[in-house]
Amino acid sequence: MTKFARIRALALASFATMALSACSDSDDPVTPPTPVNGTLAVNVAGLPAGVNAALTITGPNSFSQTATGTTTVSVPAGSYSVAAAQVTSNSVRYNATITGSPATVTSSQTATVTVAYAVAANPTVVLSGSIPTNRTLTPDTNWVLRGFVYVNSGATLTINAGTRIVGDTTALGSALFVLRGARINAIGTATAPIVFTSQRAPGSRSPGDWGGIVIVGNARANRTGNVIVEGSNGSVVGADPAGIVYTGGTVDTDNSGTLRYVRVEFAGYATLTDAELNSFTFGAVGSGTTIEYVQALAGLDDHFEWFGGTVNGRYLVSYESGDDHFDGSEGYRGLNQFMIGMQSTFLTPRAGAGAVSTDPQGFEVDGCNGGGCVAPSGANAQSAGRDEGLYNMNVFANFTMIGVPAGTTVPGSGGVGAVLRRGTGGYYINGVIARWSRGGISLRDSTSNNRFSVDSLIVRNLYFAENGGTDGGFDAGAPNFGTAAAFAAKNSNIVVGTGVTAASLFTALPTTPTNAASLDWSPATGSPIATGGLSAFTADPRIAARVGTFITPTAYRGAAAPGGTKWWEGWTSYARN
């Protein structure tokens, strides 16, 4: 082959190769490799079990996805951001701190974002002056009572379960007044009670840190004239110098609202000498009002005090009162069942708040005392209310009333389980009175003895243990009238447990309680209070007519059924400071 021929052959071959290449490009294209995804891992922590997060994941090409907890997402390579909204569960708010966002995701690799939730600090709102219109308090806010705060007539204050309200300790005597014509609907639950307490931290609290709750209704009382709530005219921020009148009501069925699962702690300020605010004050409150599962703890003065009115109550607890646990007077005619009063010590009040009472008792019940009490009339003289039928005729059933352990110093005139005086009537049924150093029960004057004599002061089926006084807990005789023989003559059926201690009656009654769980008011195995109750009211038509269907007869004595529901558990508290 000549040189020219060789050149020509190579050129033809090259041309053929180029032609084949061109044909291949047009008829059989090459597919580029598929991009490989990476992984975005989002880790969530800090929320209670069962509570969902609120996450949004965004990225390139309008990528958006939501998530409710820890998750992994397969995504194309790129930059991804994670946002977390606030979460609320059981009225607790949780905010999130996010680390690792935005995250760069590369092929076949994992990028991690961490979302850490924590409880958000609640805002603080101060309540002062008047609440003129409907208002709701919620547990996601710290509420502070500053001075006297009044819920005005026509307004309803609603307080949701789990809400906490503190008394401003820089404005001594701060208190909540629910005035006549107003309502309070404070409805907690056993797991989320509503708590009114001291502004000071646990360990630094004292009786008298703030004032308490005062409710004024429109029911009748047995004092005439304009009688004010004790202490309501004191020198406290926002106080009305004229005080708050509770007399003059006319509607016994009046409704001031509902208190259910509510605690009041470290209250009871003395605004003036001998003019103390109580933990709970009910002034002429009507029977349309509901009081259930309510506790007072470590108050300076009385824990529950009723001035007239007809409001009923169930499941009432009083621990470590500075004065009386339960105090009724001035024509109080309400029905109450399942009540616990316990005193293991006498706490020191806050400096400048007042002093421990000189006569703290379990029950202290008066017919009437002070200005405006109607003069007695007739041969069977008694205190105010005789002519208009407004005797003090409270009913207390299934109560457990425990005094201080032996060796504890008791103020000079105190230490009696139940003091009945000044013309009071009333019914005391299926109760336990134990460990009261000066006596279990005392009938203090002739006007109350008149009520006892004519059967408008009735005591039935009580159990006494470890009480001082005469014959295991009674008056010795003149000048008082509550002797063992007098009660026996009235078929009161008061059993005195000779050699029986208060602690032996219950499942758990330590000498020094440490917390609420250390107290179990159920009758101990074999306890004498597990039986002996007045189990039917039909045999005494006076009792049956008085209690109606509100009070239930029980075969046991005291506040708790043997083997029954421990109704105080979960929502009550115990502390000394």
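Valine 245 touches Val216, Asn226, Val227 and Ile228, when residues up to four places away in sequence are not counted; contact here means heavy atoms within 4.5 Å. The model is a predicted one, in which local features need pLDDT of at least 70 and side-chain atom pairs count only at pLDDT 80 or more, whereas totals for chains, interfaces and linings use all residues. Residues are numbered from 1 along each chain as its sequence is written, and side-chain values use heavy atoms, with hydrogens and water left out.

Valine 245 is located in the loop between S18 and S19; helices (H or I, at least four residues) and strands (E, at least two) are DSSP runs, numbered from the N terminus. With a relative accessible area of 32%, valine 245 is partly exposed; buried means under 20% relative accessible area, exposed over 50%, and partly exposed in between (1.4 Å probe, protein chains only). Between valine 245 and alanine 41 there are 204 residues of sequence separation and 66 Å in space, C-alpha to C-alpha.

The structure holds 32 aromatic pairs, where rings of Phe, Tyr and Trp (its six-membered ring) pair if their centres lie within 6.5 Å, and planes under 30 degrees apart count as stacked, over 60 as edge-to-face and the rest as tilted. One of these pairs is formed by tyrosine 246 and phenylalanine 307, which are tilted at 40° between the planes and 5.4 Å centre to centre. This pair links distant parts of the chain, 61 residues apart: tyrosine 246 belongs to the loop between strand S18 (212–216) and strand S19 (257–265), and phenylalanine 307 to strand S24 (residues 304–307). Both tyrosine 246 and phenylalanine 307 are buried. Ring pairs also join Phe280, Phe282, Phe304, Trp306, Phe326, Tyr332, Phe363, Phe396, Phe399 and Tyr428 into a cluster.

Two arginines lie over aromatic faces, the criterion being NZ of Lys or CZ of Arg within 6 Å of the ring centre and within 35 degrees of the ring normal. Arginine 314 is placed over phenylalanine 550, at 3.9 Å from the ring centre, and arginine 451 over tyrosine 391, at 4.5 Å from the ring centre.

Arginine 451 is also among the buried residues of H2, together with Thr447, Ser448, Asn449, Asn450 and Phe452. Helix H2 (residues 446–453) is mostly covered, six of its eight residues being buried. These buried residues pack against strand S30 (416–421), strand S33 (439–443), strand S34 (457–460) and helix H3 (484–489). Aspartate 455, which follows H2, has a positive phi near 65°.

The largest nonpolar core has 59 residues, with Phe196 and Leu259 making the most contacts inside it; such a core is a set of buried Ala, Val, Leu, Ile, Met, Phe, Trp, Tyr and Cys residues joined through side-chain atoms within 4.5 Å. Strand S12 (residues 142–151) supplies the largest share of this core, four residues. Apart from this core lies another, of 33 residues, among them Phe266, Tyr319, Ile402 and Ala575. Beyond four places in sequence, the residues touched by leucine 259 include Phe280 and Phe282, which also belong to the aromatic cluster. Further contacts of leucine 259 include Ile184, Ala186, Ile215 and Ile291.

Proline 139 lies in the loop between strand S11 (135–137) and S12 and is buried, with a relative accessible area of 14%. Leaving out residues up to four places away in sequence, proline 139 touches Ser91, Asn122, Asn160, Ala161, Gly162 and Thr163. Valine 495 is 356 residues from proline 139 in sequence and 47 Å in space, C-alpha to C-alpha.

Asparagine 394 is in the loop between strand S28 (363–366) and strand S29 (395–402) and counts as buried, at 0% relative accessibility. Its side chain makes a polar contact of 2.9 Å with the side chain of asparagine 392; a polar contact is a pair of N or O atoms within 3.5 Å, and within protein one must be able to donate a hydrogen and the other to accept it, residues adjacent in sequence counting only if both atoms are side-chain atoms. Outside four places in sequence, the contacts of asparagine 394 include Tyr332, Arg333, Val365 and Tyr428.

The structure holds one disulfide, defined as a pair of cysteine sulfur atoms within 2.5 Å. Cysteine 368 and cysteine 373 form this disulfide, with their sulfur atoms 2.0 Å apart. The torsion about their S-S bond is about -85°, so the disulfide is left-handed. Cysteine 368 is buried, at a relative accessible area of 4%, whereas cysteine 373 is partly exposed, at 23%.
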